[in-house]
Amino acid sequence: MKGCRVIVISAAVFLLAAFCFLMVRLAYPRPYREEVQASGLSPSLVYAVIKAESGFREDAVSRAGAVGLMQVKPSTAEFICTKRGVAFDASRLCEGRYNVTVGCMYLAYLLERFPQTETALAAYNAGEGTVRRWLQDGEVSSDGNTLDTIPYAETSSYVKKVLKFRKNYHFFYG
């Protein structure tokens with residue numbers, strides 16, 4: 001009888017662990033791994049941005065006209081494609097692979113201009129020009145390179161959310 005109880009408990013623990021593993025995979029998916037790896041960016045950061053931006057919905061469209069998984073505006077996509085010497089195709093912007101590739105190019109561009117991840121994420125959300133203005137404001141940035149505070153509540157919340165998701169991706173997947 002004692003042996004049966006051990007087997008039942010072991011099976012229950014195994015099923016619980018498998019359920020938890022499945023729930024993590026559903027809550028923190030990692031599609032388009034090839035495109036994410038090719039970007040050279042931290043996969044945890046890219047997936048965190050996708051999760052925050054669209055919740056992994058390829059058909060997501062914002063009020064501002066940003067589209068796809070990484071919520072890229074067509075004008076931003078055209079800008080970064082031109083800058084990187086890549087053909088721009090507006091009709092493909094809602095395709096997952098293309099959107100992730102373009103979104104990663106733009107995120108990499110922002111990380112080149114704003115070496116601190118938090119600042120680059122603020123620029124991804126509020127715009128590069130907006131963040132440049134903030135960095136020139138002594139009440140927002142004491143050194144002109146670091147945001148001491150983020151004036152837009154939405155952008156501040158966005159940055160915190162992405163950083164939390166990145167931490168979770170790193171914890172679950174290394």
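Let's start with the largest pocket, which has 22 residues in its lining; closest to the centre sit Glu-53, Ser-62, Ala-64, Asn-125 and Glu-154. Keep in mind that this is a predicted model. The pocket holds about 620 Å³ of space. Three helices each give at least two residues to the lining: H3 (43–54), H6 (117–126) and H8 (153–173). H8 has the largest share, with 5 residues.

On the H6 side, the contact uses Thr-119, Ala-122, Ala-123 and Ala-126, while H7 brings in Glu-128, Thr-130, Val-131, Trp-134 and Leu-135. Sorted by class, that makes 6 nonpolar, 2 polar and 1 charged residues in the contact.

Aromatic rings are worth a look too, as the structure has 10 aromatic pairs. Take Tyr-28 and Phe-165: their ring centres are 6.3 Å apart and their planes meet at 75°, so this pair is edge-to-face. Tyr-28 belongs to the loop between helix H1 (2–27) and helix H2 (33–39), whereas Phe-165 is in helix H8, so the pair ties together parts that lie 137 residues apart in sequence. That brings us back to H8, the helix with the largest share of the pocket lining.

Conventions:
Residues are numbered from 1 along each chain as its sequence is written. This is a predicted model: local features need pLDDT of at least 70, side-chain atom pairs count only at pLDDT 80 or more; totals for chains, interfaces and linings use all residues. Side-chain values use heavy atoms; hydrogens and water are left out. On a 1 Å grid over the protein atoms alone, a cavity is a set of points where a 1.4 Å probe fits but cannot get out, and a pocket is an open set with protein on both sides within 12 Å along at least five of seven lines; lining residues have an atom within 4 Å of a point. Grid points are joined across faces, edges and corners, and a volume is the space filled by probe spheres set on the points. Helices (H or I, at least four residues) and strands (E, at least two) are DSSP runs, numbered from the N terminus. Contact means heavy atoms within 4.5 Å. Ala, Val, Leu, Ile, Met, Phe, Trp, Tyr, Cys and Pro count as nonpolar, Asp, Glu, Lys and Arg as charged, and the others, Gly among them, as polar. Rings of Phe, Tyr and Trp (its six-membered ring) pair if their centres lie within 6.5 Å; planes under 30 degrees apart count as stacked, over 60 as edge-to-face and the rest as tilted.
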